[in-house]
There are 2 protein chains.
Amino acid sequence: MKETAKLFKALSEEVRLRVLGLLCHGELCVCDLMEVLDLPQSTISRHLSYLANAGWISGERRGVWMYYRFREDGGDLQQEMLAVLSRHLAVLPAVARDHERLAQYLKTRRPCACC
Amino acid sequence: MKETAKLFKALSEEVRLRVLGLLCHGELCVCDLMEVLDLPQSTISRHLSYLANAGWISGERRGVWMYYRFREDGGDLQQEMLAVLSRHLAVLPAVARDHERLAQYLKTRRPCACC
DNA sequence: GACACATATCCGCCTATGCGGATATATAGT
DNA sequence: ACTATATATCCGCATAGGCGGATATGTGTC
(Lines give C-alpha, C1' and ligand atoms only; values in the text may rest on other atoms or scores of the structure.)
Protein backbone atom coordinates (compact mmCIF):
# COMPACT_ATOMS: atom_id res chain seq x y z
CA MET A 1 0.00 0.00 0.00
CA LYS A 2 2.76 2.42 0.95
CA GLU A 3 4.62 1.25 -2.14
CA THR A 4 1.62 1.93 -4.33
CA ALA A 5 1.27 5.44 -2.93
CA LYS A 6 4.98 5.99 -3.47
CA LEU A 7 4.72 4.92 -7.09
CA PHE A 8 2.04 7.53 -7.70
CA LYS A 9 3.75 10.22 -5.68
CA ALA A 10 6.72 9.95 -7.98
CA LEU A 11 4.39 10.87 -10.85
CA SER A 12 2.92 13.86 -9.08
CA GLU A 13 5.48 16.42 -10.14
CA GLU A 14 5.87 18.16 -13.49
CA VAL A 15 9.62 17.90 -13.84
CA ARG A 16 9.50 14.18 -13.12
CA LEU A 17 6.78 13.65 -15.70
CA ARG A 18 8.92 15.47 -18.25
CA VAL A 19 11.92 13.32 -17.34
CA LEU A 20 9.87 10.15 -17.81
CA GLY A 21 8.56 11.49 -21.10
CA LEU A 22 12.11 11.84 -22.33
CA LEU A 23 13.19 8.45 -21.02
CA CYS A 24 10.48 6.90 -23.19
CA HIS A 25 12.95 7.51 -26.03
CA GLY A 26 15.62 5.44 -24.34
CA GLU A 27 18.27 5.89 -21.71
CA LEU A 28 19.74 9.31 -21.00
CA CYS A 29 22.38 10.63 -18.64
CA VAL A 30 22.06 13.51 -16.20
CA CYS A 31 23.80 16.03 -18.42
CA ASP A 32 21.54 15.15 -21.36
CA LEU A 33 18.53 15.93 -19.21
CA MET A 34 20.09 19.14 -17.89
CA GLU A 35 20.56 20.35 -21.44
CA VAL A 36 17.16 19.41 -22.76
CA LEU A 37 15.14 20.50 -19.75
CA ASP A 38 17.35 23.50 -19.04
CA LEU A 39 17.43 22.90 -15.31
CA PRO A 40 20.33 22.90 -12.84
CA GLN A 41 22.19 19.67 -12.23
CA SER A 42 21.13 19.36 -8.62
CA THR A 43 17.48 19.56 -9.59
CA ILE A 44 17.78 16.87 -12.25
CA SER A 45 19.80 14.59 -10.02
CA ARG A 46 17.36 14.94 -7.15
CA HIS A 47 14.37 14.02 -9.30
CA LEU A 48 16.20 11.06 -10.78
CA SER A 49 16.98 9.80 -7.29
CA TYR A 50 13.36 10.19 -6.39
CA LEU A 51 12.20 8.23 -9.43
CA ALA A 52 14.78 5.53 -8.82
CA ASN A 53 13.80 5.24 -5.17
CA ALA A 54 10.16 4.85 -6.14
CA GLY A 55 11.15 2.04 -8.48
CA TRP A 56 10.39 3.66 -11.81
CA ILE A 57 13.91 3.87 -13.18
CA SER A 58 17.37 2.53 -12.56
CA GLY A 59 20.77 4.01 -13.21
CA GLU A 60 23.86 2.39 -14.59
CA ARG A 61 27.28 3.92 -14.40
CA ARG A 62 29.32 3.95 -17.59
CA GLY A 63 32.52 5.82 -17.04
CA VAL A 64 31.77 9.21 -15.59
CA TRP A 65 28.19 9.12 -16.75
CA MET A 66 25.11 7.70 -15.08
CA TYR A 67 22.60 6.45 -17.59
CA TYR A 68 19.01 6.17 -16.43
CA ARG A 69 16.28 4.11 -18.01
CA PHE A 70 12.92 2.60 -17.13
CA ARG A 71 13.02 -0.53 -15.05
CA GLU A 72 11.62 -3.58 -16.74
CA ASP A 73 11.28 -5.63 -13.58
CA GLY A 74 8.57 -3.68 -11.81
CA GLY A 75 5.34 -5.19 -10.53
CA ASP A 76 2.13 -5.60 -12.50
CA LEU A 77 0.76 -2.23 -11.47
CA GLN A 78 3.93 -0.51 -12.55
CA GLN A 79 4.03 -2.23 -15.94
CA GLU A 80 0.43 -1.41 -16.74
CA MET A 81 0.81 2.13 -15.46
CA LEU A 82 3.84 2.61 -17.66
CA ALA A 83 1.90 1.57 -20.74
CA VAL A 84 -0.91 4.01 -19.97
CA LEU A 85 1.49 6.73 -18.93
CA SER A 86 3.79 6.60 -21.93
CA ARG A 87 0.86 6.81 -24.29
CA HIS A 88 -0.48 9.88 -22.50
CA LEU A 89 2.74 11.73 -21.92
CA ALA A 90 3.32 11.74 -25.66
CA VAL A 91 0.14 13.77 -26.07
CA LEU A 92 1.10 16.54 -23.66
CA PRO A 93 2.38 19.69 -25.42
CA ALA A 94 5.19 20.22 -22.92
CA VAL A 95 6.44 16.69 -23.50
CA ALA A 96 6.25 17.10 -27.25
CA ARG A 97 8.37 20.23 -26.99
CA ASP A 98 10.89 18.36 -24.88
CA HIS A 99 11.05 15.64 -27.51
CA GLU A 100 11.88 18.20 -30.16
CA ARG A 101 14.56 19.74 -28.01
CA LEU A 102 15.99 16.29 -27.41
CA ALA A 103 16.10 15.49 -31.12
CA GLN A 104 17.85 18.78 -31.77
CA TYR A 105 20.28 18.21 -28.93
CA LEU A 106 21.18 14.68 -30.00
CA LYS A 107 22.31 15.98 -33.38
CA THR A 108 24.95 18.18 -31.82
CA ARG A 109 25.89 16.12 -28.79
CA ARG A 110 29.61 15.89 -28.54
CA PRO A 111 30.94 12.38 -29.03
CA CYS A 112 30.85 10.14 -26.00
CA ALA A 113 33.41 7.46 -25.29
CA CYS A 114 30.98 4.80 -24.22
CA CYS A 115 28.06 4.80 -26.60
CA MET B 1 0.57 18.78 -17.56
CA LYS B 2 -0.26 20.33 -14.20
CA GLU B 3 -3.58 18.50 -14.36
CA THR B 4 -1.84 15.21 -15.01
CA ALA B 5 0.46 15.73 -12.03
CA LYS B 6 -2.55 16.64 -9.91
CA LEU B 7 -4.33 13.45 -10.90
CA PHE B 8 -1.40 11.39 -9.70
CA LYS B 9 -0.83 13.43 -6.59
CA ALA B 10 -4.33 12.59 -5.48
CA LEU B 11 -3.33 8.92 -5.61
CA SER B 12 -0.18 9.41 -3.59
CA GLU B 13 -1.66 9.04 -0.15
CA GLU B 14 -2.75 5.89 1.66
CA VAL B 15 -6.03 7.13 3.07
CA ARG B 16 -7.10 8.37 -0.35
CA LEU B 17 -6.24 5.03 -1.95
CA ARG B 18 -8.35 3.29 0.67
CA VAL B 19 -11.24 5.68 0.02
CA LEU B 20 -11.06 4.99 -3.70
CA GLY B 21 -10.88 1.28 -3.01
CA LEU B 22 -14.16 1.53 -1.12
CA LEU B 23 -15.80 3.72 -3.74
CA CYS B 24 -15.17 0.94 -6.26
CA HIS B 25 -18.15 -0.72 -4.58
CA GLY B 26 -20.40 2.23 -5.32
CA GLU B 27 -21.23 5.58 -3.83
CA LEU B 28 -20.73 6.23 -0.12
CA CYS B 29 -21.29 9.18 2.16
CA VAL B 30 -18.83 10.76 4.56
CA CYS B 31 -20.19 9.02 7.63
CA ASP B 32 -20.01 5.63 5.93
CA LEU B 33 -16.32 6.22 5.28
CA MET B 34 -15.73 7.47 8.83
CA GLU B 35 -17.16 4.26 10.20
CA VAL B 36 -15.38 1.87 7.89
CA LEU B 37 -12.00 3.59 7.93
CA ASP B 38 -12.28 4.60 11.59
CA LEU B 39 -10.96 8.09 11.00
CA PRO B 40 -12.22 11.48 12.21
CA GLN B 41 -14.74 13.31 10.08
CA SER B 42 -12.46 16.20 9.26
CA THR B 43 -9.85 13.84 7.89
CA ILE B 44 -12.33 12.02 5.65
CA SER B 45 -13.91 15.22 4.43
CA ARG B 46 -10.56 16.76 3.62
CA HIS B 47 -9.42 13.79 1.55
CA LEU B 48 -12.73 13.70 -0.29
CA SER B 49 -12.35 17.38 -1.18
CA TYR B 50 -8.86 16.66 -2.41
CA LEU B 51 -10.04 13.79 -4.60
CA ALA B 52 -12.95 15.85 -5.94
CA ASN B 53 -10.69 18.79 -6.70
CA ALA B 54 -8.32 16.52 -8.61
CA GLY B 55 -11.26 15.29 -10.66
CA TRP B 56 -11.47 11.70 -9.47
CA ILE B 57 -14.81 11.85 -7.72
CA SER B 58 -17.87 14.04 -7.44
CA GLY B 59 -20.27 14.56 -4.60
CA GLU B 60 -24.02 14.85 -4.68
CA ARG B 61 -26.09 16.14 -1.83
CA ARG B 62 -29.10 14.07 -0.84
CA GLY B 63 -30.68 15.53 2.23
CA VAL B 64 -28.08 15.95 4.91
CA TRP B 65 -25.76 13.47 3.29
CA MET B 66 -23.12 13.99 0.65
CA TYR B 67 -22.68 10.93 -1.53
CA TYR B 68 -19.41 10.58 -3.36
CA ARG B 69 -18.72 8.41 -6.36
CA PHE B 70 -16.23 8.12 -9.20
CA ARG B 71 -16.66 10.57 -12.04
CA GLU B 72 -17.47 8.98 -15.37
CA ASP B 73 -16.65 12.04 -17.42
CA GLY B 74 -12.90 12.22 -16.87
CA GLY B 75 -10.35 12.34 -19.67
CA ASP B 76 -8.80 9.34 -21.39
CA LEU B 77 -5.91 9.13 -18.97
CA GLN B 78 -8.25 9.14 -16.02
CA GLN B 79 -10.50 6.41 -17.44
CA GLU B 80 -7.61 4.12 -18.25
CA MET B 81 -5.94 4.81 -14.94
CA LEU B 82 -9.14 3.98 -13.14
CA ALA B 83 -9.34 0.60 -14.84
CA VAL B 84 -5.77 -0.25 -13.89
CA LEU B 85 -6.15 1.18 -10.43
CA SER B 86 -9.36 -0.56 -9.46
CA ARG B 87 -7.95 -3.92 -10.49
CA HIS B 88 -4.86 -3.36 -8.37
CA LEU B 89 -6.45 -1.84 -5.32
CA ALA B 90 -8.53 -4.99 -4.95
CA VAL B 91 -5.33 -6.97 -4.51
CA LEU B 92 -3.97 -4.89 -1.65
CA PRO B 93 -4.50 -6.49 1.77
CA ALA B 94 -5.46 -3.21 3.42
CA VAL B 95 -8.14 -2.62 0.81
CA ALA B 96 -9.46 -6.17 1.18
CA ARG B 97 -9.78 -5.61 4.92
CA ASP B 98 -11.67 -2.37 4.28
CA HIS B 99 -14.03 -4.22 1.97
CA GLU B 100 -14.82 -6.70 4.69
CA ARG B 101 -15.43 -3.96 7.18
CA LEU B 102 -17.69 -2.24 4.68
CA ALA B 103 -19.72 -5.40 4.10
CA GLN B 104 -20.10 -5.85 7.84
CA TYR B 105 -21.06 -2.21 8.32
CA LEU B 106 -23.64 -2.23 5.54
CA LYS B 107 -25.51 -5.04 7.28
CA THR B 108 -26.10 -2.93 10.37
CA ARG B 109 -26.34 0.52 8.85
CA ARG B 110 -29.37 2.24 10.21
CA PRO B 111 -32.02 2.95 7.59
CA CYS B 112 -31.49 6.00 5.44
CA ALA B 113 -34.32 8.08 4.07
CA CYS B 114 -32.92 8.54 0.62
CA CYS B 115 -31.59 5.23 -0.61
C1' DG C 1 48.73 12.83 -7.44
C1' DA C 2 46.76 16.83 -9.92
C1' DC C 3 43.29 18.04 -12.73
C1' DA C 4 38.73 18.10 -15.25
C1' DC C 5 34.37 16.56 -15.62
C1' DA C 6 29.85 14.15 -14.18
C1' DT C 7 27.09 13.22 -10.55
C1' DA C 8 25.31 13.04 -5.70
C1' DT C 9 24.46 15.20 -1.60
C1' DC C 10 24.09 19.08 1.66
C1' DC C 11 22.22 23.43 2.94
C1' DG C 12 18.84 27.04 4.05
C1' DC C 13 14.62 28.64 2.57
C1' DC C 14 9.78 28.26 1.36
C1' DT C 15 5.31 26.05 0.17
C1' DA C 16 2.18 22.12 0.29
C1' DT C 17 -0.06 19.14 2.87
C1' DG C 18 -0.82 15.68 6.63
C1' DC C 19 -3.30 15.54 11.27
C1' DG C 20 -7.40 16.02 14.35
C1' DG C 21 -10.02 19.06 17.54
C1' DA C 22 -12.94 23.10 17.23
C1' DT C 23 -16.01 25.75 14.83
C1' DA C 24 -19.16 27.13 11.00
C1' DT C 25 -22.68 25.83 7.73
C1' DA C 26 -26.52 23.24 5.70
C1' DT C 27 -30.55 20.45 6.06
C1' DA C 28 -34.53 17.93 8.19
C1' DG C 29 -37.79 17.38 11.72
C1' DT C 30 -40.55 19.21 15.35
C1' DA D 1 -37.20 29.10 15.60
C1' DC D 2 -34.91 25.36 18.06
C1' DT D 3 -32.52 21.03 17.84
C1' DA D 4 -30.06 17.23 15.96
C1' DT D 5 -27.33 15.44 12.43
C1' DA D 6 -24.00 15.55 8.54
C1' DT D 7 -20.59 17.90 6.35
C1' DA D 8 -17.12 21.58 5.35
C1' DT D 9 -13.81 24.57 6.87
C1' DC D 10 -10.56 26.70 10.13
C1' DC D 11 -6.75 26.40 13.19
C1' DG D 12 -2.10 25.41 14.91
C1' DC D 13 1.36 22.24 14.44
C1' DA D 14 4.57 18.88 12.17
C1' DT D 15 6.68 16.78 8.16
C1' DA D 16 7.60 16.21 3.20
C1' DG D 17 9.42 17.99 -0.47
C1' DG D 18 10.32 21.75 -4.03
C1' DC D 19 14.35 24.98 -5.36
C1' DG D 20 19.22 26.02 -6.73
C1' DG D 21 23.92 27.28 -5.15
C1' DA D 22 27.73 25.11 -2.73
C1' DT D 23 30.22 21.26 -1.61
C1' DA D 24 31.59 16.31 -1.66
C1' DT D 25 32.36 12.12 -4.23
C1' DG D 26 33.54 9.25 -8.09
C1' DT D 27 35.96 8.50 -12.45
C1' DG D 28 39.21 9.02 -16.34
C1' DT D 29 43.40 11.36 -18.12
C1' DC D 30 47.85 13.02 -17.89
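Guide: Two strands are said to pair if DSSP finds at least two bridges between them. With that in mind, we may turn to a hairpin in chain B of this predicted model. Strand β2 of chain B, residues 57-62, is joined to β3(B) by 6 bridges, and the two strands run antiparallel. One of the residues involved is E60(B), whose bridge partner in β3(B) is Y67(B). Between the strands of this hairpin lie 2 residues, and G63(B) takes a positive phi near 70° there.

Strand β3(B), residues 65-70, is also among the elements that cover the buried residues of helix α5(B). The buried residues of α5(B) are L77(B), Q78(B), M81(B), L82(B), V84(B), L85(B), H88(B) and L89(B). This helix has 14 residues, which at 1.5 Å a residue should span 20 Å; its end C-alpha atoms are 20 Å apart, so the two values agree.

W56(B) is in contact with residues that include F70(B), Q78(B), M81(B) and L82(B), if neighbours within four places in sequence are left aside. Both W56(B) and M81(B) are among the residues with the most contacts inside the largest nonpolar core, which has 72 residues. W56(A), I57(A) and M81(A) are also in that group.

Finally, the two chains may be compared. The same surface serves both copies, as 100% of the contact residues of chain B recur in chain A.

Methods. Residues numbered from 1 in each chain as written. Chains lettered and ligands numbered in written order. Predicted model: local features only at pLDDT ≥ 70, side-chain atom pairs only at ≥ 80, totals over all residues. Heavy atoms only, no water. Core = buried A, V, L, I, M, F, W, Y, C linked by side-chain atoms within 4.5 Å. Buried < 20%, exposed > 50% of the residue type's maximum accessible area, 1.4 Å probe, protein only. Contact = heavy atoms within 4.5 Å. Helix = DSSP H or I, 4+ residues; strand = E, 2+ residues; numbered from the N terminus. Expected span 1.5 Å × (residues − 1).
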